[in-house]
Amino acid sequence: MVTASQIKTYHFLPYKYGAELLLDLGRMETLKNYVLDTTLHQVSFYEIVFIEEGSGTFSLDGKVTYITPGTIIFISPGQVRRWEIKDRIKGYTLFFDKDFLHLFFSDELFLYRFQYFHQYSHPTNMKLDESSFETCLGILQEIEQEFGQIQNDSNHLIRSILYQLLIVLNRHYAKIYNVQRDTYIHADFYRFRSLLEKKFLENQTVESYTKMLNISSGFLNKICRQFSGLTAQQMIHYKLISEIKKELHNNKSAKEICYEFGFSDPSNFNRFFKKFTRTTPQQYRKNI
């Protein structure tokens, strides 16, 4: 069994190209030791993987993606993952630190506006048709070309290309999973998503978030349904399940997790977990 201390964390290397650049792009074939790491590991940055060739599986917080050409995988900071490759993988991986965009847009909610990041109720992957996938690869190749001739203003150009790519990917994701694609639906929804990421341990009721946001529970539920298809309480529950699975991967006992997450006793914790996963925490860990 892998313990929490054994789970590697990969961090961003901002000075790889000399001057600070908080984004990088690589071919998966040349980054085997990092990208295709078969042990449990996590990253402290955002990453998008584009599969051109190959097969196997990719596990992210316990959810398994079957890899096929045209698959795109979205990874948020802190998610526990593992690769199991059957056939040689070919493709791109794009990774960036949140500040690469936050500093430019002066919008701390910017990355919460996209459906695929910090997502725990819908899949963190999608498969595009050949034409759409090639269009995305074309945008990536524009970034790749700029990396081949880094200049003082390259970070601005790369940032603008990344922004275009994130919007295009959000449109595809929203269409595939039938969710709202408008990235400016209502700022309170994005604030809720942001607060949920940071405060879910101590705040697990809708009322606690409506107080922080200074809005009514009815209004919060309305905008949550509009953008995610879920109520605010459902979003809180899905977030909890996602984090519980992560802690089970980290080899914590069900009893430890139960009290850490504020459940009154182990039986309530087991019932909650089984309601969403159809298995007990103990059974889930055995299958990891």
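## A cavity inside the model

The largest cavity in this predicted model has a volume of about 90 Å³. A cavity here is a set of points, on a 1 Å grid over the protein atoms alone, where a 1.4 Å probe fits but cannot get out; grid points are joined across faces, edges and corners, and the volume is the space filled by probe spheres set on the points. Searching the whole structure turns up one cavity of 30 Å³ or more.

Which residues line the largest cavity? Among them are Gln115, His118, Tyr120, Phe189, Arg193, Phe227 and Met235, where a lining residue has an atom within 4 Å of a point. The lining has five nonpolar, six polar and one charged residues. Helices α5 (187-199) and α7 (217-228) each supply at least two of the lining residues; helices are DSSP runs of H or I with at least four residues, strands are runs of E with at least two, and both are numbered from the N terminus.

## Two nonpolar cores

Let's turn to the cores. The largest nonpolar core has 37 residues, and Phe50, Leu166 and Leu169 touch the most other members. Such a core is a set of buried Ala, Val, Leu, Ile, Met, Phe, Trp, Tyr and Cys residues joined through side-chain atoms within 4.5 Å, with buried meaning under 20% relative accessible area for a 1.4 Å probe, protein chains only. Elements that each supply at least two residues include strands β4 (46-60) and β7 (80-96) and helix α4 (154-177). Helix α4 gives the most, with eight residues.

A second, separate core of 34 residues includes Tyr190, Phe261, Phe269 and Tyr284. In soluble globular proteins, nonpolar side chains tend to be buried together.

## A closer look at α4

Helix α4 has 24 residues and spans 34 Å from its first C-alpha to its last, close to the 34 Å expected at 1.5 Å a residue; the expected span is 1.5 Å times one less than the number of residues. Its buried residues include Ile158, Leu162, Leu165, Leu166, Leu169 and Tyr173. An α-helix has 3.6 residues a turn, so residues three or four places apart point the same way.

Leaving aside neighbours within four places in sequence, Leu169 is in contact (heavy atoms within 4.5 Å) with Ile48, Phe50, Ile72, Phe74, Tyr116, Met126 and Cys136. Just after α4, Asn178 has a positive phi of about 55°.

## How to read the numbers

Residues are numbered from 1 along each chain as its sequence is written. Local features need pLDDT of at least 70, side-chain atom pairs count only at pLDDT 80 or more, and totals for chains, interfaces and linings use all residues, while side-chain values use heavy atoms, leaving out hydrogens and water.

How values were computed
On a 1 Å grid over the protein atoms alone, a cavity is a set of points where a 1.4 Å probe fits but cannot get out, and a pocket is an open set with protein on both sides within 12 Å along at least five of seven lines; lining residues have an atom within 4 Å of a point. Ala, Val, Leu, Ile, Met, Phe, Trp, Tyr, Cys and Pro count as nonpolar, Asp, Glu, Lys and Arg as charged, and the others, Gly among them, as polar. Buried means under 20% relative accessible area, exposed over 50%, partly exposed in between (1.4 Å probe, protein chains only).
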